[in-house]
Amino acid sequence: MTAGHPANAARFTADEPRAHWHDQALWFVREKRDRAAALVPDWEALRDAAARIRAHTQGRLADYLEEFERNAVARGAKVHWARDAAEHNAVVHGILSAHGVRRLAKSKSMLTEECGLNPYLEARGIEVVDTDLGERIVQLAGEPPSHIIFPAIHHKREEIGALFHEKLGTPAGLADPKALTEAARGHLREKFLSADAGLTGVNFAVAETGGIVVCTNEGNADMGTHLPRLHVACMGVEKVIPRLEHLGVFLRLLARSATGQPVTSYTSHFHGPIAGGELHVVIVDAGRSRILADAAFRRSLACIRCGACLNTCPVFRRSGGYSYEYVVPGPIGSLLASARDPRAHASLPFASTLCGSCDDVCPVKIDLHDQLLARRRDLAVRRIVPLGKRLAMRIAGLVLSHRAAYEAAGRITRFLLRILPRALLYGPWNGWGRRRELPEAPRESFRDVWRRTRGAGRG
Ligand code: SF4
């Protein structure tokens, strides 16, 4: 059982300036996404097409995965299947240890975070270097990512400067983003050159061609996989798309939804291993087929991990990624976490205002807020929701379904609103009211102040 979203969120919001800054930083990305989407005349048609392709693929997932495997093997890749995180980690470790790998250059992969691959490999003597800048920052800080696109979004640049000073020996007080990026580039360059293998995630696996596609903005996936001879690519079963022509639909949606860019800086296609090298693709289930079998929640598997629903969610922006205690936070994370372990993540479906903003921005049109509501109902039916919340929901249900009760509740609420604000705001128990109370109004009017200070004749 986790601490629960409300307690974690309260800790985050206790630091008001940081919570405000986090909110503003993500809203900036949301607005950038809006501008980028508005420049594409057929944006809604693209979203419809993406949703249809995902729904079709989910209906024939096993067929497309087998087609992908056949074509990938024909191009010289080795394909492995893993039922769960433990199998995934064992398969990856088996490949690396068979090649005597001591240092692994890893580009961003939420799947490997989900499987806990880094600590698994580190415990077996393999150094894992996260090469995405944000991921490297949180790795140096000993933290998990707090956002699926911006893993270190919760850190201010001064904090990153202090971290780099401590870990990389940069000058104290360095906070210029360009200088910090240059320092990270120099540090990572040496790691790339000495890595024995590269590991990437997979944004899309094309069944028709057997190729995989990896999108990055820093080119780190290319650096990590072109220098060593061994490339391991890890993907969830849901990453497969049927045809190459479908790729353009998703690529146009992904970059704009994630960061507001027209396209990611590097869209790398891998068709088989490089000359003299090996490419291993590890396909992982880890609970996904269980979600697929559940008609009410299977649409959550259509997610392309763009992060747009996180950036727009008023709860995520104001409570931070760590308050979710799951590798994928925000609205989509709440769905995936509660599908995986409803009891441990029972508070997450309630970490939403149900405003529907997540549905509006989702490039693959996942009905996130409907599914969150359905999950709340599911938790209540299974009595996983705390008693107090169940009672409150029961009372709200009664009031909203009986006109007389509804009108009586309205009268009581109006009465309370007349008497409560003064008591709540100015009562001795209320620190909030005391902190925000306006200074007492001046006893003389503005005109009197003007006359007194500037002279009666000028009033
Ligand atoms: S649910 Fe939709 S908006 Fe959220 S990360 Fe996935 S694709 Fe993006």
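These questions and answers walk through a predicted model of one protein chain. Residues are numbered from 1 along each chain as its sequence is written, and side-chain values use heavy atoms, with hydrogens and water left out. In this predicted model, local features need pLDDT of at least 70 and side-chain atom pairs count only at pLDDT 80 or more, while totals for chains, interfaces and linings use all residues.

Reader: How many helices and strands are there in the protein chain?
Author: Helices (H or I, at least four residues) and strands (E, at least two) are DSSP runs, numbered from the N terminus. The C-alpha trace spans about 90 × 60 × 45 Å along its principal axes. The protein chain has 22 helices and 10 strands.

Reader: What percentage of the residues in the protein chain is buried?
Author: Buried means under 20% relative accessible area, exposed means over 50%, and partly exposed is in between (1.4 Å probe, protein chains only). The protein chain has 459 residues. The buried part of them is 49%.

Reader: What is the volume of the largest cavity?
Author: On a 1 Å grid over the protein atoms alone, a cavity is a set of points where a 1.4 Å probe fits but cannot get out. Grid points are joined across faces, edges and corners, and a volume is the space filled by probe spheres set on the points. The whole structure holds 4 cavities of 30 Å³ or more. The largest cavity has about 120 Å³.

Reader: Which helices each supply at least two residues of the lining of the largest cavity?
Author: Lining residues have an atom within 4 Å of a point. Here they include Glu 114, Glu 238, Arg 288 and Arg 340. The helices that each supply at least two are α13 (288–292) and α16 (330–340).

Reader: How many charged residues are in the lining of the largest cavity?
Author: Ala, Val, Leu, Ile, Met, Phe, Trp, Tyr, Cys and Pro count as nonpolar, Asp, Glu, Lys and Arg as charged, and the others, Gly among them, as polar. The lining has 6 nonpolar residues and 1 polar residue. The charged residues number 5.

Reader: Is Arg 305 buried or exposed?
Author: Arg 305 is one of the residues that line the largest cavity. Arg 305 is found in the loop between α13 and α14 (308–312). Its phi is positive, about 55°, although Arg 305 is not a glycine. With a relative accessible area of 16%, Arg 305 is buried.

Reader: Where is Glu 325, another residue with a positive phi?
Author: Phi of Glu 325 is near 50°, and Glu 325 is not a glycine. At 34% relative accessibility, Glu 325 counts as partly exposed. Its place is the loop between α15 (314–319) and α16.

Reader: Which residues lie nearest the centre of the second largest cavity?
Author: This cavity has a volume of about 90 Å³. Its lining divides into 11 nonpolar, 1 polar and 1 charged. Of the 13 lining residues, those nearest the centre are Cys 303, Cys 306, Cys 309, Cys 362 and Pro 363.

Reader: How many disulfides does the structure hold?
Author: A disulfide is a covalent bond between the sulfur atoms of two cysteines. The test is a pair of cysteine sulfur atoms within 2.5 Å. The sulfur of Cys 234 is 7.7 Å from the closest cysteine sulfur, in Cys 115, so it is too far for a bond. The count of disulfides is 0.

Reader: Which helix gives the largest share of the lining of the second largest pocket?
Author: A pocket is an open set with protein on both sides within 12 Å along at least five of seven lines. The largest share, 6 residues, comes from α10.

Reader: Why is the pair of Phe 316 and Tyr 324 called tilted?
Author: Rings of Phe, Tyr and Trp (its six-membered ring) pair if their centres lie within 6.5 Å; planes under 30 degrees apart count as stacked, over 60 as edge-to-face and the rest as tilted. The structure holds 2 aromatic pairs. In this one the ring centres are 5.8 Å apart and the planes are at 35°, so the pair is tilted.

Reader: Which ring does the charged end of Arg 375 sit over?
Author: A charge sits over a ring if NZ of Lys or CZ of Arg is within 6 Å of the ring centre and within 35 degrees of the ring normal. The charged end of Lys 156 sits over the ring of Trp 21, 5.3 Å from its centre. For Arg 375 the distance is 3.8 Å, and the ring is that of Phe 297.
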